[in-house]
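Trainee: I have a new model open and would like to walk through it with you. Could we take it piece by piece?

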Amino acid sequence: MLSEDPIKHLVEQLAKLPGIGERTALRLVLHMLSSERDSVPTLAAALMEAAERVHECSCCHMLTALDVLCSTCISISRDRSVVCVVATVQDLMALEATNDYKGLYHVLHGTLGPMEGIGPKELRIASFLSRITDSNREIKEVIIATPPNVEGEATALYLAGQMSGLKVNITRIASGVPVGGDLQFADRLTLSRALHLRQRF
Ligand SMILES: [Zn+2]
């Protein structure tokens, strides 16, 4: 269906994105329609392709364009005895960029937030717990790398509680990451330190 006002329609769609208000959306649209007009089809095609092909890995819930499992989960060079639990895809990418961690991951896709109605069921927690149980003790350590803010700490505590009966070492990344900070914005060295100095939960 064609919209009456294509510019307004596009601005409305872009303004739904996080961090983009109507003013920024309008600026982007006008920029695309003037100097970047030739690359609009490529941008549209890239969006469509990503939306069609990218899905959650059936094991760790990282986003992937591979068939079922992501490249980390199928890699033979990763240490399968360690799983690092992160809140977001961006946090996983930040840890991966340190080039320092060779274990596996689990992406929760958020942190517990009772005020926003985000409980354990809204996160990928059940699949994480069955992953630990089903691993037949292949997984020996779980590093909880949720962010050091109120929600991240609450999530870490909840996860640790859920794992209390399981034969697995639980560690928490050290506070090299500033309290209240976001993993994805920490520099590589800080993240590396936080991983290396992790403590028993
Ligand atoms: Zn995976």
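Mentor: Gladly! Strands here are DSSP runs of E of at least two residues, helices are runs of H or I of at least four, and both are numbered from the N terminus. This is a predicted model, where local features need pLDDT of at least 70 and side-chain atom pairs count only at pLDDT 80 or more, while totals for chains, interfaces and linings use all residues. Residues are numbered from 1 along each chain as its sequence is written.

Trainee: How many bridges join β3 to β4?

Mentor: Two strands pair if DSSP finds at least two bridges between them. Strand β3 covers residues 79-86 and runs parallel to β4. The number of bridges joining β3 to β4 is five.

Trainee: Which strands stand at the edges of the sheet?

Mentor: The open sheet has five strands with mixed pairing, in the order β4-β3-β5-β6-β7. Each edge strand has a single partner, so one side of it is left without a neighbour in the sheet. The edge strands are β4 (103-107) and β7 (199-200).

Trainee: Is histidine 106 buried or exposed?

Mentor: Histidine 106 lies in strand β4. A residue is buried if 20 or more other C-beta atoms lie within 10 Å of its own, exposed if 12 or fewer, and partly exposed in between, with C-beta atoms placed from the backbone. Because histidine 106 has 27 C-beta neighbours inside 10 Å, it counts as buried.

Trainee: At what angle does helix α5 run to β3?

Mentor: Helix α5 (residues 89-97) lies across β3 and β4. Axes are lines fitted to C-alpha atoms, for helices over the stretch in contact (C-beta atoms, placed from the backbone, within 7 Å), and angles run from 0 to 180 degrees between N-to-C directions. The angle of α5 to β3 is about 130 degrees.

Trainee: Which residues of α5 are buried, and why do they line one face?

Mentor: Seen down the axis of α5, the buried residues fall within an arc of 160 degrees, so they line one face of the helix. That arc is taken over the directions from the helix axis to the C-beta atoms. The buried residues are Asp91, Leu92, Ala94 and Leu95.

Trainee: How many residues of α3 are buried?

Mentor: Helix α3 (residues 40-53) has 14 residues. This helix lies largely in the open, because its number of buried residues is zero.

Terms used: Two residues are in contact if their C-beta atoms, placed from the backbone, lie within 7 Å. The expected span of a helix is 1.5 Å times one less than its number of residues.
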